[in-house]
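I opened the model to look up two sites. My notes follow.

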Amino acid sequence: MIIVMSKDATREQIDNVEKKLSDLGFRTHPIFGEIKTVIGAIGDKRLLNTHAISSMPGVESLVPIMKPFKLAGRELKQVPTIVEVGDVRIGGDEVVVMAGPCAIENEESFIGVAESVKAAGAKILRGGAFKPRTSPYAFQGLEEDGLKIMAAAREATGLKIVTEVVDTRDVDLIASYADIIQIGARNMQNFRLLKEVGATQKPVLLKRGLAATIEEWLMAAEYIMAEGNSGIILCERGIRTYETATRNTIDLSAIPVTKELSHLPIVVDPSHAAGTWKYVSALSRGAIATGADGLIIEVHHDPGAALCDGPQSLRPSKFSQLIKELQPVAEAVGRIL
Ligand code: PEP
Ligand code: MN
């Protein structure tokens with residue numbers, strides 16, 4: 001339920017309504033708009049005595065939220081959310097580029113790639129320290145040593161860092177290093193993990209599950225938001241279809257559809273969608289043209305020798321060329337890159 005407060009409602013009246021709702025067992029999420037304040041009340045609506053609330057001083061009206069994603073949806077919050085990571089703003093006019101290798105392999109190569117992607121225009125550095133691999137025999141990541149290397153790269157370049165958490169037991173450790181915590185496609189519906197990252201209050205990059213509908217994806221965001229963490233960046237990374245020519249099928253429709261349903265920013269991962277570096281440029285252009293707020297791209301200094309996802313990784317020189325190619329596309333749709 002949305003409680004719309006009248007435009008001259010006092011702070012005390014807003015607080016009283018919030019208190020009443022929380023006494024009834026509801027979680028409240030006030031949104032202080034320029035003209036009016038609205039309060040999202042999330043809980044069991046059978047317990048809501050609508051008359052008691054609507055007759056409180058300062059209350060203008062009560063509006064039910066029809067969609068199952070209450071906090072992630074546009075019904076409660078119409079203005080787009082901008083996720084701030086230090087001085088990087090995701091969801092505003094700028095198309096924010098995140099780049100780096102699939103996995104952190106060693107300090108020298110990681111810092112080298114970090115410096116090149118920074119010089120090319122990336123704002124956020126990616127790299128996996130805990131890798132969710134299909135095979136238990138494949139490289140699983142350097143774990144905390146990898147996080148330490150990431151922190152050193154942040155120190156050396158000033159780039160913010162995004163890295164994946166695959167297990168609830170590692171959430172605090174990863175939150176102590178990362179600027180953005182990544183939830184991978186395979187864990188999009190790991191509800192315990194979503195709740196744990198929700199409790200950290202760190203920005204979260206939430207990848208779309210391999211076979212998840214947009215509604216399921218927004219419900220995953222809802223899990224994080226229900227814990228009080230609203231800094232969510234959605235990430236479209238391709239979905240499973242019958243097509244085998246690419247690793248996954250990029251769903252560019254998800255960009256306008258999600259933007260209509262949700263106020264959260266959305267970025268696109270063309271690397272995991274394509275599975276091959278050759279298509280990364282075309283998919284990136286498509287993503288920006290359809291309204292993506294950013295890109296996350298795999299870059300490796302020597303893709304042929306990469307321990308993970310080499311075939312889809314760009315060399316630093318190709319990455320820098322790509323950013324130049326994308327600038328006019330961003331400009332054509334009124335964005336900055
Ligand atoms: C990754 O970003 O390296 C990754 C494993 O991605 P996804 O979860 O989208 O497969
Ligand atoms: Mn990868």
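**Entry 1: the metal.** I started with the spacing of the donor residues of the manganese ion (ligand 2), which reads C-x169-H-x25-E-x10-D in sequence. I count as donors N, O and S atoms within 2.8 Å of the metal (3.2 Å for Na, K and Ca); water is not among the atoms, so sites may look incomplete. The model is predicted: local features need pLDDT of at least 70, side-chain atom pairs need 80 or more, and totals for chains, interfaces and linings use all residues. Residues are numbered from 1 along each chain as its sequence is written, chains are lettered from A and ligands numbered from 1 in written order, and side-chain values use heavy atoms, without hydrogens and water.

I then listed the protein donor atoms: Cys102 (SG), His272 (NE2), Glu298 (OE) and Asp309 (OD), at 2.0 to 2.4 Å from the manganese ion. Glu298 and Asp309 are both buried (under 20% relative accessible area, 1.4 Å probe, protein chains only).

**Entry 2: ligand 1.** Which residues come nearest to ligand 1? I found Arg126, Lys131, Ala185, Arg186 and Arg237, out of 13 around it (a heavy atom within 4 Å).

I checked polar contacts next (N or O pairs within 3.5 Å). Arg126 puts a polar side-chain atom 2.8 Å from a ligand 1 oxygen. For Gln182, also through a polar side-chain atom, I read 3.0 Å to an oxygen of ligand 1. Ala185 uses a polar backbone atom, 2.8 Å from an oxygen of ligand 1. The protein covers 97% of the 290 Å² of accessible area that ligand 1 has on its own (Shrake-Rupley method, 1.4 Å probe).

Note on methods
Buried means under 20% relative accessible area, exposed over 50%, partly exposed in between (1.4 Å probe, protein chains only). A polar contact is a pair of N or O atoms within 3.5 Å; within protein, one must be able to donate a hydrogen and the other to accept it, and residues adjacent in sequence count only if both atoms are side-chain atoms.
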